[in-house]
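Reader: I would like to learn how to read a few features of a model together with you. Could you give me the general idea each time and then the case at hand?

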Amino acid sequence: MSDCCSAPGLLPFEQALANMLSKVSPITETLTLPIEQALYYVLAQDIASPLNVPPHDNSAMDGYAFAIESLLVNKTLTLVGRSMAGAPFQGECQPGECIRIMTGAKMPDCCDSVEMQENVTADGEQITFLQEKIFGSHVRNAGEDIQLDQQVLHSGHKLTAVDIGVLASLGVAEVIVYRKLKVALIATGDELKLPGQALRVGDIYESNSFVLAAMLNTLHVDVIDFGIISDDFEAIKAAFVSADEQADAVISSGGVSVGDADYTKTVLDELGEIGFWKIAMKPGKPFAFGKLPKSVFFGLPGNPVSALVTFHQLALVALTKMQNAQPLKRTHLTVKCSTELRKSPGRMDFQRGVLAVNDVGENVVTSTGSQGSGILSSLARANCFIILPSEQGKVAAGEKVTVQLFDHFL
Ligand code: AMP
Ligand code: MG
């Protein structure tokens with residue numbers, strides 16, 4: 001598949017993403033959780049406020065509550081009661097009277113305004129107001145934060161720490177949320193060793209599943225880590241069969257490039273319906289996606305930068321849909337590029353850049369240098385992707401480019 005802008009045989013990035021999104025379905029199982037356990041879960045209900053917040057008009061200051069009419073007649077009012085937080089004034093007051101009131105305490109029905117204690121003089125029960133006041137001074141009105149029946153949170157919202165506080169302030173003790181997704185991780189390759197193990201000649205340390213597990217934790221899913229599976233048909237098959245049984249999504253890295261000596265492709269062809277795509281993107285051309293009997297499968301390239309970029313740009317978007325969460329919002333800016341960028345038309349580039357403000361206050365992006373798909377440190381140094389469309393050729397220093405700021409996953 002190709003279009004005007006990608007090299008023949010390559011699948012345009014947007015088409016790969018749309019194709020993938022059309023084939024994944026949101027999970028339907030929900031559970032009820034106490035709010036203190038609901039952080040980062042995706043809400044499966046709309047939350048309308050069962051009350052006004054604050055529930056009653058109350059004082060924003062420690063001071064004296066009064067009716068504004070009284071002050072128009074006389075600057076000295078008679079103290080006839082107290083309203084404390086949790087112990088409101090129960091009686092009645094007449095014109096010419098005032099009530100001692102504390103911050104958060106309910107406004108007496110006979111009062112409409114508050115003066116802070118610093119601005120009065122007290123002589124026994126006689127309270128003299130030193131300044132002009134206007135109606136409603138220092139009063140927090142019922143419902144000024146949230147009104148009764150107001151929609152506060154919507155289904156699909158991922159609950160943050162502040163949301164948990166908002167729910168508590170509404171008196172909501174439990175929420176209905178979608179269950180966590182279960183995601184299996186498989187790293188394939190005979191050359192891979194775990195940090196802490198000794199390397200033989202030709203070995204490298206496995207890094208993909210570490211960074212993927214960290215990003216999946218940020219997404220708030222349960223990770224089932226299958227570790228490193230050697231390039232052995234039976235071992236790979238056993239791992240995929242078990243992963244498919246346990247998880248909603250299976251993610252592997254390595255062994256998806258065509259012409260590979262790995263057995264991943266043979267195993268996957270046997271188990272499910274997997275498309276081995278060559279996406280018109282750089283890094284990340286080889287990518288596999290499809291359905292296993294019970295789960296969906298994302299086959300990331302082995303090269304660390306390619307694995308991360310395809311995970312971030314493709315798999316994360318699909319997993320977010322599966323979670324029922326709102327689509328990820330990523331911030332794009334058009335900025336000046338300080339350096340020349342190498343690029344040939346035919347693939348969409350996700351180059352690594354550092355966005356900074358220059359001496360004259362302009363946003364300027366600078367390449368992190370070498371863009372090899374194995375150079376993970378280039379991604380660690382970057383704070384944005386420089387996204388260059390398929391048809392674009394090289395970029396001259398000073399030209400404008402589009403950058404996508406790194407989100408909290410990177
Ligand atoms: P492959 O697609 O299996 O041929 O892998 C492509 C490149 O990525 C090779 O250089 C692999 O050694 C490397 N690679 C594959 N998997 C990992 C991994 N989990 N961590 C780090 N490097 C990897
Ligand atoms: Mg391999």
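Reader: Which hand does the crossing of α1 and α7 have, right or left?

Author: Happy to start there. Helices (H or I, at least four residues) and strands (E, at least two) are DSSP runs, numbered from the N terminus. A crossing is left-handed if the near helix is turned anticlockwise from the far one by less than a right angle, and right-handed if clockwise. The crossing of α1 and α7 is right-handed. Before we go on, two notes on reading: this is a predicted model, in which local features need pLDDT of at least 70 and side-chain atom pairs count only at pLDDT 80 or more, while totals for chains, interfaces and linings use all residues. Residues are numbered from 1 along each chain as its sequence is written, chains are lettered from A and ligands numbered from 1 in the order in which they are written, and side-chain values use heavy atoms, with hydrogens and water left out.

Reader: At what angle do α1 and α7 pack?

Author: Axes are lines fitted to C-alpha atoms, for helices over the stretch in contact, and angles run from 0 to 180 degrees between N-to-C directions. Here α1 (residues 13-23) and α7 (residues 304-323) pack at about 25°, and their axes are 10 Å apart. That makes α1 roughly parallel to α7, since angles under 35 degrees count as roughly parallel, over 145 as roughly antiparallel, 65 to 115 as roughly perpendicular and the rest as oblique.

Reader: Which residues make the contact?

Author: Contact means heavy atoms within 4.5 Å. From α1 come F13, L17, M20 and L21, and from α7 come Q313, L314, A315, V317, A318 and K321. By class, the residues of this contact of α1 with α7 are eight nonpolar, one polar and one charged. For those classes, Ala, Val, Leu, Ile, Met, Phe, Trp, Tyr, Cys and Pro count as nonpolar, Asp, Glu, Lys and Arg as charged, and the others, Gly among them, as polar.

Reader: How do α5 and α6 cross?

Author: The axes of α5 (residues 233-246) and α6 (residues 264-271) come within 9 Å and cross at roughly 45°. That makes α5 oblique to α6, and the crossing of α5 and α6 is right-handed. On the α5 side, F233, I236, K237, F240 and V241 meet T264, T266, V267, L268, E270 and L271 of α6. The contact of α5 with α6 has seven nonpolar, two polar and two charged residues.

Reader: Let us turn to cysteines. How many disulfides does the structure hold?

Author: A disulfide is a covalent bond between the sulfur atoms of two cysteines. The working cut-off is a pair of cysteine sulfur atoms within 2.5 Å. The structure holds one disulfide, joining C93 to C110 with an S to S distance of 1.9 Å. The link of C93 and C110 is right-handed, with 100° about the S-S bond. C93 lies in the loop between β5 (76-83) and β6 (97-101), and C110 in the loop between β6 and β7 (113-116), so the pair ties together parts that are 17 residues apart in sequence.

Reader: Is C93 buried or exposed?

Author: Buried means under 20% relative accessible area, exposed over 50%, partly exposed in between (1.4 Å probe, protein chains only). C93 is buried, at 11%, while C110 is partly exposed, at 27%.

Reader: What about the backbone: which peptide bond ending at P54 is cis?

Author: The bond from V53 to P54 is cis, with omega near -10°, and P54 lies in the loop between β2 (47-48) and β3 (58-59). Another cis peptide bond joins K282 and P283, with omega about 0°. P283 is in the loop between β19 (281-282) and β20 (286-291).

Reader: What is the phi of H138?

Author: H138 has a positive phi of about 55° although it is not a glycine. H138 lies in the loop between β9 (126-129) and β10 (139-140) and is partly exposed, at 24%.
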